[in-house]
Amino acid sequence: MTRELLEVYSEAAYAKDVDRFMTMYSEDVRVFDLWNTWEFVGAAAWRESIAGWFGSLGDERVVVEFDDVVVSGGADFGSISAVVSYSGESASGERVRHMQNRLTWVLVRRADGWRVIHEHTSAPVEDSSGKVILTRG
């Protein structure tokens with residue numbers, strides 16, 4: 001369950017392959033993302049957001065790495081939580097920016113494999129400034 005989904009996420013994000021990226025998600029997925037919108041309901045809405053993200057990268061690629069991965073669950077239902085690092089990579093291979101956030105997936109096993117039915121990303125907010133902290137200390 002874990003390795004395949006994490007690999008698909010990382011490889012599809014790097015390749016900016018929306019179709020492959022979306023293979024991880026159930027048609028009825030509900031996503032609480034960190035950016036811009038309160039929620040995305042359904043794969044079509046999430047696909048549109050992912051296409052926008054990949055399209056905004058221009059010539060850059062995004063390198064995704066997972067740390068502190070925790071897997072829970074049983075035969076047909078589970079969860080994965082992790083700290084995710086996103087690094088922008090220029091066309092020449094130079095890392096140009098970096099950020100981290102927290103990720104939780106709720107998963108179900110369907111006839112065609114494990115699918116994300118809920119995704120939640122977050123980052124802590126600094127009390128005094130109200131700014132989102134996008135790098136783990």
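1. Isoleucine 80 has tryptophan 105 of strand E5 as its bridge partner. In this predicted model, E4 and E5 run antiparallel and are joined by 13 bridges. The two strands form a hairpin with five residues between them, and glycine 93 in the turn has a positive phi of about 95°.

2. Strand E5 also pairs with E6, in the antiparallel sense and over nine bridges. Within this pairing, leucine 103 stands opposite threonine 121 of E6. E5 and E6 form a hairpin as well, with two residues between them.

3. On the pairing of E6 with E1, the sense is parallel, over four bridges. Here valine 31 stands opposite glutamate 119 of E6.

4. The sheet as a whole is open and has six strands in the order E2-E1-E6-E5-E4-E3, with mixed pairing. Strand E2 (40-41) and E3 stand at its edges; each has a single partner strand, so one side of each lacks a neighbour in the sheet. Helix H1 packs on the sheet and touches E1, E3, E4, E5 and E6, its direction making about 165° with that of E3. Helix H3 packs on the sheet too, touching E1, E2, E3, E4 and E6, and its direction makes about 65° with that of E1.

5. H1 itself has 14 residues and reaches 20 Å from its first C-alpha to its last, close to the 20 Å expected at 1.5 Å a residue. Its buried residues are Leu5, Leu6, Val8, Tyr9, Ser10, Ala12 and Ala13. After H1 comes lysine 16, with a positive phi near 55°.

6. The largest nonpolar core contains 32 residues, of which Tyr9, Phe21, Tyr25, Trp46 and Trp105 touch the most other members. Two or more residues of this core come from each of helices H1 (2-15), H2 (18-22) and H3 (43-56), and from each of strands E1 (25-32), E3 (61-73), E4 (77-89), E5 (95-110) and E6 (113-122). The element that gives the most is H1, with six residues.

7. Leaving aside residues up to four places away in sequence, tyrosine 25 touches Tyr9, Trp46, Trp105, Arg115, Val116 and Glu119.

8. As to annotation, an unreviewed UniProt entry places the feature "domain: SnoaL-like" at residues 4-125. In the model, this span is 25% helix and 51% strand, and its end C-alpha atoms lie 31 Å apart.

Definitions and conventions. Residues are numbered from 1 along each chain as its sequence is written. This is a predicted model: local features need pLDDT of at least 70, side-chain atom pairs count only at pLDDT 80 or more; totals for chains, interfaces and linings use all residues. Side-chain values use heavy atoms; hydrogens and water are left out. A nonpolar core is a set of buried Ala, Val, Leu, Ile, Met, Phe, Trp, Tyr and Cys residues joined through side-chain atoms within 4.5 Å. Buried means under 20% relative accessible area, exposed over 50%, partly exposed in between (1.4 Å probe, protein chains only). Contact means heavy atoms within 4.5 Å. UniProt positions are given in the numbering used here, feature names are shortened, and annotations may be inferred rather than shown by experiment. Two strands pair if DSSP finds at least two bridges between them. The expected span of a helix is 1.5 Å times one less than its number of residues. Axes are lines fitted to C-alpha atoms, for helices over the stretch in contact, and angles run from 0 to 180 degrees between N-to-C directions.
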